[in-house]
Amino acid sequence: MDAHAVARPPSPMLALPVASWTDPLAPALQAEAQEALESGSVLVFPRLTFALDAAEWRLLAAAESDGSRKNVSYDPATGVLKGTALPPDRRPALAAVMRRFADSAQALLLAVAPGYAPHLERARTSFRPTEIAGRAMPWRKDDTRLHVDAFPSRPTRGRRILRVFVNVDPDGTPRRWAVGEPFEEFARAFLSRVPRPLPGSAAVLHWLGLTKGRRSRYDHIMLHLHDAAKRDAAYQGDTARQHRLDFPPGTAWMVFTDQVPHAAHAGRNALEQTFHLDPAGMAHPERSPLRVLERLTGRALT
Ligand code: SIN
Ligand code: FE
């Protein structure tokens, strides 16, 4: 193969010496960070602590999941909190911590990429108390397997999924990740395993209330790429192609999880904020999974 035709693989991560959730970045650093983010690097903030006072620590320690879902989830748009076993009188205080994190994550993202503002939607906030290592999960929900994010009930119709995390574990436990190859390579490896959507299935799923909005061709492909990767034991075992990333407590990170194959192998007590971004807001929309898949399949997907 002609070496000049191969895109240089992105560095798996770029560390940024930022110590505030809200301060604007110097313009040169901003440009470098956004470039790395859109090329599929994880932006790591090794000095970014999410400070919690003693009462907030006690709240998070008691906020464990009620077992109905993996995480405690909060919707900053409606204030609805779900999945916690916390007694009702303590829930508003937990919601307040999660809202403060949602606001911090948004400020950080806009410090990195202010141009995203008009194209951005802030979605759910999650608190992830449970130790990942050793947790039994059906394969499709098992995030210790490398995957790109795609949600069966929430079609994005090409909008990006960008997530901001912070490790708040009080006992020093790092969150251990692995990240995989560039999106185009990942997509080329699994695209042939994506079946044709059944005619009318998107309309039926929507009509039955199983999807929030209608699944596009894009969503169909992304879901099948997610599944095909997770169920491929040879791919999962090929650790030589993976980069290990450890995030100790007091570290934040952000990444396009629809683009970067990732797996979380161990760790507990993380906060996470999800954003959706219209690819039109990117400096390089051609790097979005939507545009890459449209190029690879030769057809419009939304
Ligand atoms: C995932 O998105 O696959 C899980 C990430 C994490 O909880 O660290
Ligand atoms: Fe994921």
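I will start with a contact: an oxygen atom of ligand 1 lies 2.9 Å from an N or O atom in the side chain of Trp177. Before going on, note that this is a predicted model, where local features need pLDDT of at least 70 and side-chain atom pairs count only at pLDDT 80 or more, while totals for chains, interfaces and linings use all residues. Residues are numbered from 1 along each chain as its sequence is written, chains are lettered from A and ligands numbered from 1 in the order in which they are written, and side-chain values use heavy atoms, with hydrogens and water left out.

Back to ligand 1. For Arg175, the distance from a side-chain N or O atom to an oxygen atom of the ligand is 2.7 Å. For the side chain of His147, the corresponding distance is 2.9 Å. Taken alone, ligand 1 exposes 260 Å², and the protein buries 96% of that; these areas come from the Shrake-Rupley method with a 1.4 Å probe.

Which residues are around ligand 1? They are Arg128, Asp143, His147, Asp149, Arg163, Phe165, Arg175, Trp177, His262 and Ala264, where the criterion is a heavy atom within 4 Å. Two or more residues of this shell come from each of β6, β7 (175–179) and β10; strands are DSSP runs of E, at least two residues, and helices are runs of H or I, at least four, numbered from the N terminus.

Next, the metal. What coordinates the iron ion, ligand 2? The donors are His147 (NE2), Asp149 (OD) and His262 (NE2), at 2.1 to 2.2 Å. Donors here are N, O and S atoms within 2.8 Å of the metal (3.2 Å for Na, K and Ca), and water is not among the atoms, so sites may look incomplete. Along the chain, the spacing of the iron donors is H-x1-D-x112-H. Asp149 sits in the loop between β5 (120–128) and β6 (160–167), and His262 in strand β10 (residues 262–266), 113 residues apart. Both Asp149 and His262 are buried, meaning under 20% relative accessible area, with exposed being over 50% and partly exposed in between (1.4 Å probe, protein chains only).

Two other places, briefly. Helix α6 (residues 217–230) contains His226, which counts as buried because its relative accessibility is 7%. The side chains of His226 and Lys230 are joined by a polar contact of 3.1 Å. Gly209 is in the loop between α5 (201–207) and α6. Is Gly209 buried or exposed? Its relative accessibility is 56%, so Gly209 counts as exposed.

Terms used:
A polar contact is a pair of N or O atoms within 3.5 Å; within protein, one must be able to donate a hydrogen and the other to accept it, and residues adjacent in sequence count only if both atoms are side-chain atoms.
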